[in-house]
Amino acid sequence: MLAAIISRVLRQVAQKSARRVLVASRNSSNDATFEIEKCDLYLLEEGPPVTTVLTRAEGLKYYRMMLTVRRMELKADQLYKQKFIRGFCHLCDGQEACCVGLEAGINASDHVITSYRAHGMCYTRGLSVRSILTELTGRRGGCAKGKGGSMHMYTKNFYGGNGIVGAQGPLGAGIALACKYNGNGEICLTLYGDGAANQGQIAEAFNMAALWKLPCVFICENNLYAMGTSTERAAASTDYYKRGNFIPGLKVDGMDVLCVREATKFAADYCRSGKGPILMELQTYRYHGHSMSDPGVSYRTREEIQEVRSKRDPIMILQDRMVNSKLATVGELKEIGTEVKKEIDDAAQFATSDPEPRLEELGHHVYSSDSSFEVRGANPWIKFKSVS
């Protein structure tokens, strides 16, 4: 009798759940059309569209990714303050629409290289939260086996963050040269900040890319502050999308994931057509300071940060669009938030308990594929074996 009662209760629960799913599907839309901000153009007769279609599946995917990056960075902040993470650590919370929108506008086979503010791009390129946080804590399970840290993470077709300001500019041009040489129709996104835009090597990369018509999208993530210096105090011209001079450019709302996606698709198509490089300026904002050693409020006010959070937050912009257009319910988005929180907590638990790499592994992975050889240590009597 007890088994029959339990069976009947479970059947009723299943039927109610099925009805809830059916009602949710009836009340939700499969897609919606949105107006997006028009991009400012330089040396271009036409630009990205000013309307775009967002499907329910795309919206839920983008929301989950942006929320994951946000909470991953907040967890990194916590782990740093608990001294599980040491050294340099540059967080990108506030800039989630950039990394998610860029990835949505290219193919998985395309290439990306960026600056040291790289955690979000690491995730959107395919690295797991666990591998990122574990790399931040310097453990063996990290994406670079615990030897790269915050600024040096890599995966397939992602050439990491770069610690030297602007160094990724010429490297990105080199990757684009390889794409053109191989004739595979692939492109390279080369990201740098508004501070790095004043570096001479960025201008040199522009020249080479334009001269050889390389399929390179140069992307300036303008978060308004180069370390603690505002763009107005650091640059004679803050129109970074025009800095290519002879390279066409776009100024894009970097707080709107749909605007970033459509601009990236436009730029990618431009490069694939053989016209050469193009430049994008993503106008965005970081909530944290330049790095964990920077409180971020000595050169800007707390009120300024709070105003951006309340009026231009990229996650809230997407959330409002989805709810208002019935692409998702508030309950569904809250459920995603619960799932993301658990994923982050589980990853943090692993990142703080995984063992550190052994000293004898210090010379490993000097080359991606080569026979093993000896690497000299701090003195001629210390030798390490390099294993690919």
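Between domain 1 and domain 2, about 350 Å² of area is buried, and carbon and sulfur atoms give 41% of that area. Buried area here is the accessible area (1.4 Å probe) that two parts lose on being put together, summed over both. On the side of domain 1, Lys145, Lys147 and Pro357 lose the most area to domain 2, together 87% of what that side buries.

The model is a predicted one, in which local features need pLDDT of at least 70 and side-chain atom pairs count only at pLDDT 80 or more, while totals for chains, interfaces and linings use all residues. Residues are numbered from 1 along each chain as its sequence is written, and side-chain values use heavy atoms, with hydrogens and water left out.

The protein chain is divided into domain 1 (31–357) and domain 2 (359–387), with bounds that come from an automatic or database domain assignment. Four residues from domain 1 and five residues from domain 2 take part in the contact, where contact means heavy atoms within 4.5 Å. The centres of the two domains, taken over C-alpha atoms, are separated by 34 Å.

One salt bridge is found across this interface; the rule requires a side-chain nitrogen of Lys or Arg within 4 Å of a carboxyl oxygen of Asp or Glu. Separately listed is a salt bridge between the side chains of Arg140 and Glu361, at 3.3 Å from N to O.

**Cavity and pocket**

Both kinds of space are found on a 1 Å grid over the protein atoms alone: a cavity is a set of points where a 1.4 Å probe fits but cannot get out, and a pocket is an open set with protein on both sides within 12 Å along at least five of seven lines; lining residues have an atom within 4 Å of a point. Grid points are joined across faces, edges and corners, and a volume is the space filled by probe spheres set on the points.

| Space | Volume | Lining by class |
|---|---|---|
| Largest cavity | about 70 Å³ | six nonpolar, three polar, two charged |
| Largest pocket | about 270 Å³ | eight nonpolar, nine polar, three charged |

In these classes, Ala, Val, Leu, Ile, Met, Phe, Trp, Tyr, Cys and Pro count as nonpolar, Asp, Glu, Lys and Arg as charged, and the others, Gly among them, as polar.

The structure holds one cavity of 30 Å³ or more. Its lining includes Cys92, Cys98, Cys99, Arg117 and Glu221, and α3 (96–104) and α4 (119–124) each supply at least two lining residues. The largest pocket is lined by 20 residues, of which Tyr116, Gly193, Asp194, Gly195 and His290 lie nearest its centre. To that lining, β5 (188–193) and β7 (225–226) each supply at least two residues. Helices (H or I, at least four residues) and strands (E, at least two) are DSSP runs, numbered from the N terminus.
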